[in-house]
Amino acid sequence: MNIAITNNSGQQVYTSLYGIDTNYNWCLYNFTSNTLDMCVTGVTEAMSYMTPLPIGATGLTITDMPQLASGVILFTYNQLPNDFAVVADGNGIATVQGPSFLPDTSDYGTIFNMVELTLTANTAGVLIPAVWADITNVDYFSTPLQIHLTGYTNGEVYDQSKGAMKSGRDSVFTEFLEDTKGTVFENLVVTGASGNVRILGPQHGISAGVIPIDYWDSYVSAIWDYYSGNTLYINNGAYGNYSGQVNSNGQMALTGSTGDIQTISMPGPKLAMDIFGCQGTLAAPNNSVGHLAAIIGAAINRSTILENSNQPDCVVGDYYQLTDSTNLYASVLHKFYKDGTTYAFPFDDVCNGSSTLSCPDPRQLTINLDTF
């Protein structure tokens, strides 16, 4: 599969591609040799793998991209990052985590964005790569960009795009502030010497000290109280139907159609980080309990779980109706995209709310960096 990147932002942009290869090594993509080089030395090495993007239609093309189990295509605007967070994994291999962006870190004022990418052999084991790509706003919103994927699915042409926005970049920042005025979410907007930088995801707002860690506590208490005497029903997709209530131990105990019982606990006060970040008590491994956690996490973020005991609730008009107990960051960001989809929290793919494109027989992923 080819990757074509076009820089129509009007800005000087630098890019790098890194992630985990199919042998579970952290690697950096080498634009000269078209190889994934194992990351072994850390920050200096990561910086040296960045390359400038031509401005305008010329762009940059990666031909026959090597397989990558989990990757990031990073874009930084008008300057190189000041640093990369590079740590060693359990085997001592350096792992590139990307530039920092929280207060008091070196790249708090640096503008960057990313596309997430997985390119592996398809599930049939044929030597044709399958691709998943998405535009992510899980950590922040910073710049407009679009992805376009072409290929074949079951012999039919696949030709899909994501990321087209209703308004320009500055309008997003202006309208976000208007829509969140008087709430803690207005504090997520980051500005610098050159103007707007990014809008932080609320989980990072907690780390930055602008979103309270107990934001969700009263809502979750209401959920747990309600389902102590009422039944929650969940269609868990391929894992079947589940139903249950909060038990005497304070756990949501859900029994599946095959008789298995899964429990989910929601203790405070670190609840806000778990719910916004979909981690900890809502961590979602790729199994039945992980799928249940994703559905419950999405229902809490969208504030539908008290209003509808049948989940997932996939009626978009039901989402984000509680002004004081909802993920207002996700609510506002979704409205800026023409098709209403974006990855605004990690479980946004429940009910296809995310910006994911996938194809079992891809030919080209095109990334366009839109103008500011």
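The following legends describe close-up views of a predicted model. Residues are numbered from 1 along each chain as its sequence is written, and side-chain values use heavy atoms, with hydrogens and water left out.

**View 1. The buried face of helix 2.** Helix 2 spans residues 169–179; helices (H or I, at least four residues) and strands (E, at least two) are DSSP runs, numbered from the N terminus. Arg169, Val172, Phe173 and Phe176 of this helix are buried, where buried means under 20% relative accessible area, exposed over 50%, and partly exposed in between (1.4 Å probe, protein chains only). Seen down the helix axis, these buried residues fall within an arc of 95°, so they line one face of helix 2; the arc is that of the directions from the helix axis to the C-beta atoms. They pack against strand 10 (111–121), strand 12 (140–141), strand 15 (189–192), strand 16 (195–200) and helix 7 (328–334), with contact defined as heavy atoms within 4.5 Å.

**View 2. Charged ends over aromatic rings.** The charged end of Arg169 sits over the ring of Phe372, 4.6 Å from its centre. The charged end of Arg198 sits over the ring of Tyr140, at 5.6 Å from the ring centre. The criterion is NZ of Lys or CZ of Arg within 6 Å of the ring centre and within 35 degrees of the ring normal.

**View 3. The aromatic pair of Phe185 and Phe276.** The whole structure contains 16 aromatic pairs, defined for rings of Phe, Tyr and Trp (its six-membered ring) with centres within 6.5 Å; planes under 30 degrees apart count as stacked, over 60 as edge-to-face and the rest as tilted. Phe185 and Phe276 form an edge-to-face pair, 6.2 Å centre to centre with 85° between the planes. Phe185 lies in the loop between helix 2 and strand 15 and Phe276 in helix 5 (residues 271–277), so the pair ties together parts that are 91 residues apart in sequence.

**View 4. The largest nonpolar core.** This core holds 106 residues, among which Ile3, Phe75 and Ile367 touch the most other members. A nonpolar core is a set of buried Ala, Val, Leu, Ile, Met, Phe, Trp, Tyr and Cys residues joined through side-chain atoms within 4.5 Å. Helix 6 (residues 288–301) gives the most to the core, with 8 residues. Beyond its neighbours within four places in sequence, Ile3 has contacts including Leu17, Leu60, Ile62, Leu117 and Ile367.

**View 5. The disulfide of Cys314 and Cys351.** A search of the whole structure finds 1 disulfide, a disulfide being a pair of cysteine sulfur atoms within 2.5 Å. The sulfur atoms of Cys314 and Cys351 are 2.0 Å apart. The torsion about their S-S bond is about -65°, so the disulfide is left-handed. Cys314 is partly exposed at 44% relative accessible area, and Cys351 is partly exposed at 23%.

**View 6. Backbone at Pro312 and Asn352.** Most residues other than glycine have a negative phi, and most peptide bonds are trans. A cis peptide bond joins Gln311 and Pro312, with omega about 5°. Asn352, in the loop between helix 7 and strand 22, has a positive phi of about 60°.

Definitions and conventions. This is a predicted model: local features need pLDDT of at least 70, side-chain atom pairs count only at pLDDT 80 or more; totals for chains, interfaces and linings use all residues.
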